[in-house]
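Below is a short note to read alongside the structure. The points are numbered so that each can be taken up separately.

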Amino acid sequence: MGRKDIAAEYQGLEVKVPIFFRCPISLDVMQSPVSLCTGITYDRTSIQRWIDSGNNTCPATMLPLPSTDLVPNLTLRRLIALWAFTATTSSSSSPAPSAVGPTPAAAAAELLRQIADPSDDPCPALHKLAAFLSDDDVDEFDKNALARAAGAAETLVSVLQRGRADASVEAAVRVLAVIAASDCIEEENRKRITTTLAADGASSVASLARVLRSGASLEARIDAARLVESLLRNARPDVKATVAESEEIVSELIRLIGPVDEKGSLDKQAVEVGLSCLTTIAGTRRARSEMVRLGAVPAAVRVLATDAGSPSQALRVLEAAVGCAEGRAAICEMADAAIPAVLSKTMKGGMGGAEAGVSVLWAVCHKYRDRRAVDAAAVSKGGLTRLLLLMQSGCSPAARQMASELLKMFKVNAKSCLAGYDSKTTHIMPF
């Protein structure tokens with residue numbers, strides 16, 4: 001079919017394209033408009049090709065570019081999407097192919113239809129959704145359009161709640177986790193996922209526990225933990241309680257922050273999300289003793305001892321543990337490993353981690369005066385010096401008081417103490 005035939009077929013269906021919808025380079029309607037520091041907007045593909053060719057000027061103004069950062073023009077993207085939707089629905093006939101292609105909402109609707117169809121294997125469509133949402137080159141506007149598509153959350157959660165742990169469930173967990181944990185997804189869309197999961201909280205918790213327990217890969221288990229984290233942060237109080245009091249969930253989160261191979265290595269992503277969940281769960285008083293019984297204390301100590309990341313969160317888990325008798329007993333039983341680990345990370349977990357660390361030490365050494373903990377702290381090389389440095393920092397009055405009581409208890413000589421601490425920073429003695 002020649003050009004004249006095409007023109008004849010679509011006669012009367014032509015749409016006048018606003019000039020500012022066209023890319024100054026390709027003159028086509030922009031699919032992914034981005035702006036340069038000069039304020040001129042281009043289609044991402046065209047301007048990226050221009051920059052990759054070695055050009056350092058703005059094509060429209062020919063001004064030199066002090067920066068080649070490309071900032072998505074979301075307002076223009078929305079206008080183009082609205083224009084494309086209006087243009088394709090204004091005629092009762094089949095519309096001409098749009099220069100911008102199918103809208104994200106239309107593409108999402110088709111994928112969601114495939115996922116919801118019981119006669120279709122949902123895995124291919126779910127993998128496409130996950131790839132789309134994870135692609136850094138895709139505009140945030142398009143990702144949010146997909147996330148807010150009618151029925152999207154309900155369809156994805158329905159796959160999760162099928163009552164078994166298979167490839168389709170793990171694929172659904174992947175898509176849901178990307179939406180729930182991605183910074184580029186608007187808060188409203190992230191909360192929509194949490195709300196849908198919480199609508200049948202018991203079923204969602206059971207399904208996530210199965211993936212945490214039997215996931216085919218560590219990545220699948222991490223994704224499930226991210227959804228647990230989302231529920232703990234945003235769900236209703238009764239759903240949060242269901243999660244916090246689930247023995248299987250807590251047990252699997254503790255396993256997640258443990259060794260992932262025969263060498264005993266820890267995965268930093270797994271440790272980060274697992275400890276984040278456990279820290280939130282520890283805020284539920286009734287769940288603390290259960291966490292301790294399931295092994296949260298040695299798991300947190302292992303994280304501190306192996307530099308696996310997230311020292312602040314590990315210290316907060318231990319701080320919650322000392323709030324119950326079982327937790328204090330668990331820490332003191334392994335005092336030779338736990339106390340040096342806490343002392344060594346007290347100044348490496350930020351102010352929150354430092355205050356959590358001193359709370360742990362104060363509870364077992366000063367308040368309850370467990371001899372095993374006191375002896376372990378006394379022989380820790382340079383450890384008590386960190387308490388002195390904490391007093392010199394901007395810690396809270398309560399943390400300063402606890403550190404002072406610990407120092408007095410051990411009758412620390414400031415000068416000899418500082419001599420054992422490897423630091424190039426000059427500090428002023430508080431006395």
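**Notes on the predicted model**

1. Arg233 counts as exposed, because its relative accessibility is 53%. Its salt-bridge partner is Glu229, with 3.0 Å between N and O. Glu229, by contrast, is buried, since its relative accessible area is 13% and the cut-off for buried is under 20%. Both residues belong to helix α11 (residues 218–234), where they are four residues apart, or about one turn of the helix. This is a predicted model, and the remarks that follow should be read with that in mind.

2. As to the whole chain, the protein has 24 helices and three strands. Of its 431 residues, 48% are buried. The exposed surface comes to about 21,300 Å², and carbon and sulfur atoms supply 52% of that area. When contacts between residues at least 6 apart in sequence are considered, 64% of them join residues at least 24 apart.

3. Side chains of opposite charge can pair when their charged atoms come close. The structure holds 16 salt bridges. Arg78, Arg148 and Glu186 are linked by such bridges into a network.

4. Arg192 is partly exposed because its relative accessible area is 26%, while Glu188, at 55%, is exposed.

5. Lys345 and Asp307 make another salt bridge, and their closest N and O atoms are 3.0 Å apart. Lys345 is in helix α19 (residues 335–345) and Asp307 in the loop between α16 (296–306) and α17 (311–321), so this pair ties together parts that are 38 residues apart in sequence. Is Lys345 buried or exposed? Lys345 counts as buried, because its relative accessibility is 9%.

6. Backbone angles also call for a look at Asp307. Most residues other than glycine have a negative phi, and most peptide bonds are trans. Asp307 is not a glycine, yet its phi is positive, at about 55 degrees. This residue is placed in the loop between α16 and α17. Met62 likewise is not a glycine and has a positive phi, of about 60 degrees. Met62 is located in the loop between α2 and β3 (71–72).

7. Next, the aromatic side chains. How many aromatic pairs are counted? The count is one aromatic pair. It is formed by Phe20 and Phe21, whose rings are edge-to-face, with 4.9 Å from centre to centre and 85 degrees between the planes. Phe20 is exposed, because its relative accessibility is 53% and the cut-off for exposed is over 50%. Phe21 is buried, with a relative accessible area of 4%.

8. Phe20 also takes part in a nonpolar surface patch of about 340 Å², together with Ile19 and Leu79. Ile19 sits in the loop between α1 (3–9) and β1 (33–35). At 67% relative accessibility, Ile19 is counted as exposed. A reader inspecting the surface may wish to find this patch of Ile19, Phe20 and Leu79 on the model.

9. Ser46 belongs to helix α2 (residues 44–52). Why does Ser46 count as buried? Its relative accessible area is 8%, and the cut-off for buried is under 20%. Apart from neighbours within four places in sequence, Ser46 is in contact with Cys23, Ile25 and Ser26.

10. Last, helix α23 (residues 397–410). It has 14 residues, and the distance from its first C-alpha to its last is 20 Å, close to the 20 Å expected at 1.5 Å a residue. Which residues of α23 are buried? They are Ala399, Met402, Ala403, Ser404, Leu406, Leu407 and Phe410.

Terms used: Residues are numbered from 1 along each chain as its sequence is written. This is a predicted model: local features need pLDDT of at least 70, side-chain atom pairs count only at pLDDT 80 or more; totals for chains, interfaces and linings use all residues. Side-chain values use heavy atoms; hydrogens and water are left out. Helices (H or I, at least four residues) and strands (E, at least two) are DSSP runs, numbered from the N terminus. The expected span of a helix is 1.5 Å times one less than its number of residues. Buried means under 20% relative accessible area, exposed over 50%, partly exposed in between (1.4 Å probe, protein chains only). Patches are made of residues with over 30% relative accessible area and no salt bridge: like charges are joined within 9 Å, nonpolar side chains (Val, Leu, Ile, Met, Phe, Trp, Tyr) within 5 Å. Accessible areas come from the Shrake-Rupley method with a 1.4 Å probe; for residues, only the protein chains shown count as cover. A salt bridge is a side-chain nitrogen of Lys or Arg within 4 Å of a carboxyl oxygen of Asp or Glu. Contact means heavy atoms within 4.5 Å. Rings of Phe, Tyr and Trp (its six-membered ring) pair if their centres lie within 6.5 Å; planes under 30 degrees apart count as stacked, over 60 as edge-to-face and the rest as tilted.
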